[in-house]
Amino acid sequence: MRVLASLLLLVASAALAAPVRYPEVRPHAGFRFPADHGAHPAYRIEWWYVTGWLRTERGQDMGFQVTFFRTRPPVGDANPSRFAARQVLFAHAALSDPRVGRLLHGERSARAGFGLAGAKVGDADVAIRDWRLRRLPDGRFATRVGTEEFVLDLTFQPTQPPIAQGVNGYSRKGPRPSQASYYYSLPHLRVSGVAARGTAHERVTGEAWLDREWSSDFLSPEAEGWDWTGLNLDDGSALTAFQVRRKGGGVVWAGGSLRRANGRVTQFAPGDVRFRTLRRWRSAATGAVYPVAQELSVRLPEGVRRFPLQPLFPAQELDSRRSGLPVYWEGAVRTTGGRGYLELTGYTAPLAM
Amino acid sequence: MPALSPLLSVRDLAKSVPPARRLFGGLDLAVEAGELVAILGESGVGKSTLLNILAGLDDADEGEVLVEGVALGPLDEAARTRLRRERIGFVFQAFHILPYLTLRQNVALPLALVRPDARAAASRAEEMLGAVGLAGRGDGYARDLSGGELQRVAIARALVHSPALILADEPTGNLDPETAGRVLALFADAVRERGAAAVLVTHSEATAAVADRVLTLTAEGLVER
Amino acid sequence: MKAEPGLVRSRLALSWLIAGEWRWHPLRFALTAVAIAVGVALGFAVHLVNGSALRSFDRAVTGVNGAAELAVRASSPLGFDELLYPRVALAAGVADASPVVRLRAQANGRRFDLLGLDVMRAANVTPSLVGQRPNGPDARGDEVFGEDALFLSREALAQLETRVGARVSVTANGRTVPLTVAGLLPAIGEGQAIGVLDIAAAQWRFGRLGRLDRIDLKLADRTAAEAALSDLLPADATLSGAEAEAQQGAGLSRAYRVNLDMLALVALLTGGFLVFSAQSLSVARRLRAFALLRTLGLPKRGIVAAVAAEGLLIGLIGSAAGLAIGYGLASLALRLFGGDLGAGYFNGASGRVAFQPAAAIVFFLLGLAAAVLGSVLPARAASRAAPAAALKNAGDVLDPRAPVPWRPALVLLVAGAGAALLPAVGGLPLFGFASMALLLAGGVAGVPWLARRLLGPLAKRPTARVPALLAVRHIHGAPGEAATALCGIVASTALMIAMATMVTSFRGAVDEWLGQVLAADLYLRVEGGPGFDPAAQAALRATPGVQEIAFSRQLPLTIKPERPPVTLIARAETGRPDALIGSVERVSSPPGTVPVWVSEPARRLYGWDPGETIRLPVSGGAARFHVAGVWRDYARQFGAVVLRAGDYQRLTGDATRDEAAVTLAPGVRGEGVGRAMLARLEPEQRRLTSFAAPRALRRFALELFDRSFAVTYVLEGVAILVGLAGVAATVSAQTMARTREFGMLRHLGVAKRQITAMLGLEGALLGLVGGVAGVLLGGALAQVLIHVINPQSFNFTMTTRVPWGTVAGVVAALVLAGAGTAVLAGRRATAKDAVLAVREDW
């Protein structure tokens, strides 16, 4: 789900006027790795989305986010210019440190080309200038991102196979079958590396979650925004849940999955997922009011299970309007018997560049 | 000569003028307060030069001039200027009434040079104008007046700041005899009334007649008559 | 012993004196104040106009550049290879880099700067160049990368008379592309017509694939970046900061502006001389009044103080009025002539007058200083006069036998001549101006001597006619008095003659040069397009009636980022010897070298001497050239380099040409052939191409020349008017001051008519002496202008041509003005009763 829809709004929403044809997302036989770790440039949008918890050597907890987006603007192939914006890349990096009490973040964007930015086909390797996320030959993922305030240099060791969300990875996002994405997640990634702030370098370890998703069209026009969460539970299971909110109230679509420690996966139908607001937080910077604490209920075969989601701290709003990008809330959350990330979008006024 | 120092005293004065002429020949003169001395002389004998030396506008080569006991010779320019504007009054042959000042301002000029008090200066000048018979004419200008009247303004100006010494150079030279007589009488009265010492330089016997003492200046010096 | 009696205590008397003089001669005071006002007004106006023009030019530069602190720029409009971009972007010290394609575009008949940008890079590096879509429910985001989305500055939107959402046909680089106005550039300031388009679309649609014109940089470490980039850049790109760009803009017109400023100061100087004249006379007239006051006990300094206070009043009033008038003049001039006063330096950069407080203060003080100095100098002289003598005598006792001092004048003149030999300082002929000032001062100081010299023979000649005798002997006997009256007029005449001589020489040189340059029968030129490609060239060559056609290409080439670019001219070799090339100097090039011929200004600016090997950023590789000759060029102040067309094409691969010189077959008419040639071009190109006969070009060039010197003419005119007014004022004042003398003469039996004749003659003689002095001095100043100031500031040399007509006219005007005012004043002075005049006290 994630923040992509805002980006779509920004750069690629003009499906009607598009002179390019994007492939439609349909049910398929399943993913092929490592090719599906790499880019799918024909689709309009795609992302590599890492969120997780870090622990410093002194035992302090922090949340982090490293995200790379790839979009294909509605630009035709006719223009022979090397600058033609056939592929555009965005990246966000954020660090939630309770000692700071607010989100530190930075962003990059560029059109692909000139060796300055690109998303490789065949295996995960996406970069904008000096920001990069890729899969190493040994199967680990590695990233290095830096802003003026912090630098993250991390590797992620998979400990479990990917979860194919929906039906073999065909994940519906709306009432129309085409409103869907290819979606897999890699939970319980073992993190190690360095987090630097200013001149202080700290070795960190932790647990992260990689979401991979690509699509051409899935956001229903009546959607206002969405809530998403991915939780690494202490027993080794992983819970994914999302809902697409309807403008004016209600839910357009919902979904998710629970993979138990034994590998058995339960996929959720729209009626199986419910979010209930426990606490709201108002951003002084944007005026948006976010339900930063929620109670997530999912219907499982054994009955409804409830997960209270409590943020590491409330001020985890990511405001990158300065770079012309959207505003959303992406925060580290705790739950009973687990930790993860919560994403809240569409809580500000309609976005304008 | 009295034992007390006279108001003006000149001792052994002489001045060389080119080419190789020596004026005054060691001239001695003493003028008491309230005394009006006339100095007669031919043209070129140095009457005006003598007057200039008495005023500190020119320097002698020998001898000394004392005004109220102060020798002029050693005084610098500034001190002489101060002496002139505080202790000496002048009357000229050409009346030298500034055309662009009112008569009152002309008369008040010596006061205005010393103290920036326009009101006091004006009332004193008006008083002086009354004394010379021109009461109420203070707002007029030089062009409104006849020669005799102009010289009366000049006399008022010479006396307005109550100087100790008044120097007059042919004060009636530009006037007809009748007017001259009236102006001279006024001048003599004013000087005596105020107890000032006055030196009047002229070539006219008639003018000299108003003086208490008449001296003749020749190449050899002063000769008393 | 106490100090000299305080002036403070005498202030009442001093104020009476000044107020009395004001009441008595209000007109004289007003006129002197006017002289100062004119000087201050001219100076301030010229300065304001220059400042406003420069400011709007600066604004335009920052606008187009989006205020990037450092940028890599192409040396010529050919641009540089886009593959430089990633290397620059990743260079040490560079935080981000924004590639730019820059086009001179045209739409709806209006020109604007069209920039092709990558909006994501620009958002980081030059945010002011990022467009904004209109907000609204149907706002879409895809315009950002849209191939036809055009973002316009408000000024461009207004000039193009279009609106957001409308379609507009944009022509650039010879191609016309329909675009949609997608939004505004809200951060671009007023007065700047700028459009922004996606860089890929700009490259593709306007034929600039593979090329960039600029890379704007955001720096992490400037020192590191400058070091890294200077190693990285090819020959056809330079690194330049915002300062260099502004410097280049200022450099374009700096010499011209400094010259104007100097002219304005000259006007002020003339005003100062006028005050000096007027105050000298006023002081002379009041000599006895001052003597009286000294006798009554006013210290020496009191007189100086009184006159200085008068000068101060004159200066205050004159300067204040001058500032107001200057501001008005500047607004008017900007509206009428544009920011460069018609000289063509700032294209389209006009703007409103910006009041400059610092400049206002400076000019106010200059005006004040001129007035006070002009007053204090004569007052000091007067205060030195012995009061007793001054009182006794009816004025200055002049001795006609007294020798006239000539040494100060000689010293000043020699110093002036010496200063002229010194080189320019920082590209400005400062010593040249110092030389002019010294010569001027020396010349004015020498006027008494000259008057004595000129009138010597006349004075010796026995004459029976009383008026002539009196007139000649008066000026001959008192030349200092004449000089006082004349210093203003001598100064202004000299400057006017100098300027006129310089301009005439320049114009003559340009005219002659045009004759040499325009040797062909017909000229073709493409404006704002990509030029004639080989096909078009062949079509033109094949036009019936064309005997020979020589194509050439002109483009600006940046040698140093802080200097305006030189013009690179690629010329086809013709069989005939070229009158232009090597017209100053030529050497033969050794085989195997690429010869270039540099213009005279280029040689002066860059020190390229014949026989030298130089580098030119003609292509990406480092190209070396042999300087084979120097040629005279008045068209391109910042230099030009001629290259053979073959060499040019080999180095750049650019086969297009934008100019052609046509030799016609015998017996055909140029007009018809020109039309036929146009008809053979593509319609698109036909619109952009024009042809002209040499005569029309010549006329056009000279018109341009005259327009650019129009302000100079105006300033000259004002200087001479101020001077004439000065002569009128001083002559009449002097005449009035001699009323008693006239009364005496009448007593002696001189008829009124004779006195008038005498005065007329005196006035005429004064005018003549002033005129001759002014012309002589002006001739000397002109030589400084032509041989020192002009080459140093405009890089042009020329031979002297004297504007005899102007010289004769000016001298005649002076003689007439002198005579006329003297006669008029004499009438008034002799109207009074002779008896009264003699008796008159003052």
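Asp12(B) lies in strand 1 of chain B. Asp12(B) has a positive phi of about 55°, although it is not a glycine. With 14 other C-beta atoms within 10 Å, Asp12(B) is partly exposed. Burial is counted from C-beta atoms placed from the backbone: 20 or more others within 10 Å means buried, 12 or fewer exposed, and in between partly exposed. Helices (H or I, at least four residues) and strands (E, at least two) are DSSP runs, numbered from the N terminus.

This is a predicted model, in which local features need pLDDT of at least 70 and side-chain atom pairs count only at pLDDT 80 or more, while totals for chains, interfaces and linings use all residues. Residues are numbered from 1 along each chain as its sequence is written, and chains are lettered from A and ligands numbered from 1 in the order in which they are written.

**Chain B overall**
- Chain B holds seven helices and ten strands.
- Of its 225 residues, 51% are buried.
- Among contacts in chain B with a separation of 6 or more, 71% join residues 24 or more positions apart. Contact here means C-beta atoms, placed from the backbone, within 7 Å.

**The sheet in chain B**
- Four strands form an open sheet in the order 2-1-4-5, with antiparallel pairing. Two strands pair if DSSP finds at least two bridges between them.
- Strand 2 (21-31) and strand 5 (70-71) of chain B are the edge strands, each pairing on one side only.
- Strand 4 (residues 62-67) and strand 5 of chain B pair in the antiparallel sense over two bridges.
- Leu66(B) has Ala71(B), in strand 5 of chain B, as its bridge partner.
- Helix 1 of chain B packs on the sheet and touches strand 1 (8-17), strand 2 and strand 4 of chain B. The direction of helix 1 of chain B makes about 125° with that of strand 1 of chain B. Axes are lines fitted to C-alpha atoms, for helices over the stretch in contact, and angles run from 0 to 180 degrees between N-to-C directions.

**Helix 5 against helix 6 in chain B**
- Helix 5 (residues 147-159) and helix 6 (residues 177-193) of chain B pack at an angle of about 15°, with axes 10 Å apart.
- Helix 5 of chain B contributes Gly147(B), Gly148(B), Gln151(B), Arg152(B), Ile155(B) and Leu159(B) to the contact.
- Helix 6 of chain B contributes Thr179(B), Arg182(B), Val183(B), Leu186(B), Phe187(B) and Ala190(B).

**Where chain B meets chain C**
- The interface puts 31 residues of chain B in contact with 28 residues of chain C.
- Helix 1 (47-54), helix 2 (77-87) and helix 3 (103-112) of chain B each give two or more residues to the side that touches chain C.
- Helix 2 of chain B gives the most, with six residues.

**Helix 9 of chain C**
- Helix 9 (residues 287-296) of chain C is mostly covered, with ten of its ten residues buried.
- Just after helix 9 of chain C, Gly297(C) takes a positive phi of about 115°.

**Backbone features in chain A**
- The peptide bond from Phe33(A) to Pro34(A) is cis, with omega near 5°.
- Pro34(A) sits in the loop between helix 1 (4-12) and strand 1 (45-56) of chain A.
- Arg129(A) is not a glycine, yet has a positive phi of about 50°.
- Arg129(A) sits in the loop between strand 6 (125-128) and strand 7 (131-135) of chain A.
- Arg129(A) counts as partly exposed, with 18 C-beta neighbours inside 10 Å.

Technical notes
Contact = placed C-beta atoms within 7 Å.
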